[in-house]
Amino acid sequence: MSGNQFEVFSESLLNLVKGKALYSGNSMDSFQEITEAASHTLNVERASIWMYSQDRSSIKSVDLYEQTPDHHSKGDELSKVQFPAYFTAMAEERFIDAHEAHSDSRTIEFSKDYLSRLGIESMLDAPIRFGGQTIGVICLEHIGKFRTWSSQEITYISSLADLVSHAVEAQKRSIAEAALLESEARYRSLVENIPDILFKTTLKGEITYVSPSVFSVAGYSVDEAIGISLAEEIYVEPKDRELFLAKILKNGFIKNFEAQLRRKDGSQWWGSATAQLVKGDDGGVLGIEGLLRDISVQKTALDELSYQAIHDRLTGLVNRYEFEKRVSHLLADIQDSDDCHAMCFMDLDQFKVVNDTSGHVAGDALLHKLGQLLRCTISKRYTLARLGGDEFGVLMEHCTLDEAHEVADEILQAVTDYQFRWEDKVFRIGVSIGLVAITKTSTDFTELFRQADAACYVAKDMGRNRIHAYHIDGAELAVRHRDINWVGRINQALAEDRFCLYAQPIVPLDGSNHRHYELLIRMLDEQGEIILPGAFLPAAERYNLIEKLDEWVVRYACVFLAEHSQFFTQIDFVTINLSGPSLTNRSFLQSILRVFEETGVSPSMVCFEITETVAISNLDLAIAFIKTLKESGFRFALDDFGSGISSFGYLKNLPVDYLKIDGMFVKGIVDDPIDYAMVKSINEIGQVMGMQTIAEFVENDEIKDRLILLGVNCGQGYGLGKPKPLKDLVNQIF
């Protein structure tokens with residue numbers, strides 16, 4: 001972002017904070033100022049604010065500003081039933097940056113009836129939080145060609161969402177104050193406002209006249225106030241008196257001059273003076289007269305709003321907007337020096353466990369406690385910020401990378417040692433930390449943040465709860481280059497149809513004659529050699545190609561099986577794996593139904609397999625996806641069951657037919673009594689719930705015999721059958 005654009009965003013926010021509407025108690029005036037500022041600053045045609053209903057089943061537009069007609073309106077309402085993906089995204093994500101709204105899984109629901117009708121191509125939404133929960137959303141809608149939202153624009157709209165929250169708070173406070181005044185009015189026939197102070201002074205600043213209201217404001221009686229020297233006894237800062245005198249002598253008058261003043265008891269208050277020179281008949285200055293108003297309440301409120309504009313409400317730490325501002329200023333200053341600074345990016349490990357098991361109230365309490373812990377751990381000369389969700393950042397000025405590593409070590413130890421207690425539960429969490437040096441070669445905040453995020457990603461990839469410093473020639477760069485190389489190879493293989501399917505048998509252990517197979521994807525390299533999925537799937541997942549691979553598998557499997565329909569007379573069904581992004585994409589669901597309709601393959605012959613972690617992280621969408629396809633006759637299997645923290649709690653909500661027991665327990669079932677107990681427990685739960693159980697990693701007869709003893713229905717692994725090309729399997733059967 002250019003310096004000019006940064007100043008535009010900063011000035012826009014500052015103008016809103018300084019304006020009267022934000023803390024006037026009239027939220028509609030504030031909303032209109034905010035939507036207009038958003039529309040004109042980011043140049044979008046439509047900017048709106050929506051608020052949730054009390055039961056959170058719908059959101060209603062409370063203000064829509066359209067730039068071209070310069071018009072405000074309100075009244076539209078959206079329900080969770082109509083747009084489940086969007087409501088889920090707003091509950092789980094910090095923002096929705098739908099660059100291509102017609103294809104983004106979070107906003108595609110609006111495509112036909114809303115986006116197309118209005119010509120909207122891109123959306124940027126940020127949740128509005130108040131009192132620990134999301135109360136609404138601020139929405140930007142761009143008309144014309146699709147638009148890519150920058151991180152700075154996202155930061156700006158998030159700051160606007162915070163200001164909406166301030167406006168709501170101001171209105172609630174105003175309503176409460178009005179109710180209090182109304183209550184007092186019933187017991188008093190006359191209520192007089194505290195009047196402003198009328199005064200006269202000499203040019204030297206000695207009080208010659210003052211109204212009786214001086215007692216209620218400053219604690220002086222009229223007699224006590226007469227003769228007092230303003231510069232010596234009233235002004236907290238004598239230089240403010242000098243400035244006041246210079247301005248009034250130059251212009252003859254002064255308006256709303258603010259200064260901090262001292263009461264009789266020594267306490268301080270803020271006054272705003274409007275005054276003029278008093279001149280004699282000969283034009284000579286006799287003194288000064290004017291009016292002094294107590295603005296302490298307004299000043300405190302403005303200071304509070306200014307504080308809240310740059311601080312996170314939950315933790316009290318600096319927020320992302322202010323953190324980015326400070327880093328950007330440091331980057332501008334460092335270009336002319338050899339100073340060394342550092343920045344660290346922290347992402348909590350296992351934070352989701354607290355939210356999933358004890359709720360978001362517990363999660364918020366944990367974040368608040370961690371904010372206090374980090375504040376006590378980190379030197380006050382460094383900037384500590386909450387960047388959003390469970391992410392924190394530290395800006396360390398005049399600090400080498402080695403010194404920053406020592407600070408990170410202290411943070412890591414403090415978080416690791418901390419125990420969070422909530423009701424009857426005790427949680428331990430960790431933190432993955434990415435470090436990056438700030439030198440004159442650093443470019444901008446976006447690149448610096450990307451480097452710190454990449455280092456944090458490596459720390460997580462290396463086992464979590466550790467520190468990794470970014471080096472341009474480090475392992476993370478090699479990983480990135482390797483993955484980018486795979487992106488090109490995957491796209492090329494898709495274009496040249498260089499993928500194939502293998503099939504691995506799932507063998508009954510209960511003596512039945514059922515036969516079914518899991519279909520597994522393989523890539524063929526340029527020389528026709530097989531490449532196992534472990535080599536290319538991580539890059540496909542990281543760079544959003546996994547849905548294309550899922551689509552290829554479903555279509556290829558259907559076409560192949562339709563051409564070999566007799567294969568189905570020899571088996572019960574085949575299993576196809578689906579990834580998380582596919583599971584949450586409504587258009588992918590429709591494409592599945594379309595492919596099966598086109599090929600004529602019966603849905604009853606296919607079982608879709610999803611992993612437990614994917615299902616849990618997208619529970620509502622997973623349930624909706626599964627139920628929709630089960631109505632058409634498809635079956636479902638839950639893979640890697642047991643790997644999640646709250647497996648049994650989620651299982652009763654997932655309508656699956658098969659439960660695949662995580663292989664990490666199965667492979668140790670012979671020698672490890674804990675693994676044995678886990679497999680036994682999972683199998684019993686599955687049987688009680690009417691599900692067939694399948695054990696993975698069955699590598700030998702000993703494991704097989706133990707599983708038979710436990711009553712597990714099926715097994716899968718190299719001890720029962722290795723994967724082989726699907727074509728070879730079909731030819732072998734026939």
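Q: Where does H398 lie?
A: H398 lies in the loop between β15 and α14. The helices (H or I, at least four residues) and strands (E, at least two) are DSSP runs, numbered from the N terminus. This is a predicted model, in which local features need pLDDT of at least 70, side-chain atom pairs count only at pLDDT 80 or more, and totals for chains, interfaces and linings use all residues. Residues are numbered from 1 along each chain as its sequence is written, and side-chain values use heavy atoms, with hydrogens and water left out.

Q: Why does H398 count as exposed?
A: The relative accessibility of H398 is 52%. Exposed means over 50% relative accessible area, buried means under 20%, and partly exposed is in between (1.4 Å probe, protein chains only). The value of 52% is over 50%, so H398 counts as exposed.

Q: What is noted about phi of H398?
A: Phi of H398 is near 50°, a positive value in a residue other than glycine.

Q: Why is D70 called partly exposed?
A: D70 is found in the loop between β2 (58–66) and β3 (71–73). Its relative accessibility is 49%, so D70 falls in the partly exposed class. Phi of D70 is near 55°, a positive value in a residue other than glycine.

Q: Why is V44 called buried?
A: V44 sits in the loop between α2 (27–42) and β1 (46–52). Its relative accessible area is 1%, so V44 is buried.

Q: What does V44 touch, leaving aside its neighbours within four places in sequence?
A: Contact means heavy atoms within 4.5 Å. The residues in contact with V44 include A38, Q67, L140, H142 and W149. V44 and L140 are 96 residues apart in sequence, and 6.7 Å apart in space from C-alpha to C-alpha.

Q: What makes F323 and F445 an aromatic pair, and why is it edge-to-face?
A: Rings of Phe, Tyr and Trp (its six-membered ring) pair if their centres lie within 6.5 Å; planes under 30 degrees apart count as stacked, over 60 as edge-to-face, and the rest as tilted. By this rule the model has 24 aromatic pairs. For F323 and F445 the centres are 6.5 Å apart and the planes make 80°. The distance is within 6.5 Å and the angle is over 60, so this is an edge-to-face pair. F323 belongs to helix α11 (residues 320–334) and F445 to helix α15 (residues 445–461), 122 residues apart. Both residues, F323 and F445, are buried.

Q: Why is the pair of F625 and F636 called edge-to-face?
A: The centres of F625 and F636 are 6.3 Å apart, with 85° between the planes. That angle is over 60, so the pair counts as edge-to-face. F625 lies in helix α22 (residues 619–631) and F636 in strand β25 (residues 635–641), so the pair ties together parts that are 11 residues apart in sequence. F625 has a relative accessible area of 2%, so it is buried. F636 has 0%, so it is buried.

Q: Why is R56 said to lie over the face of Y52?
A: A charge sits over a ring if NZ of Lys or CZ of Arg is within 6 Å of the ring centre and within 35 degrees of the ring normal. R56 is at 4.4 Å from the ring centre of Y52, so the distance is within 6 Å. Y52 also belongs to one aromatic cluster, together with F83, Y86, F87, F110 and Y114. The charged end of R522 sits over the ring of Y502, 5.0 Å from its centre.

Q: What makes β14 and β19 edge strands?
A: Two strands pair if DSSP finds at least two bridges between them. The open sheet has five strands in the order β14-β15-β13-β18-β19, with mixed pairing. The strands β14 (383–388) and β19 (467–469) each pair on one side only.

Q: How many bridges join β20 to β21?
A: Eight bridges join β20 to strand β21 (residues 516–524), and the strands run antiparallel. P505 stands opposite Y517 in β21. Nine of the 10 residues of β20 (residues 499–508) are buried, and the strand is mostly covered.
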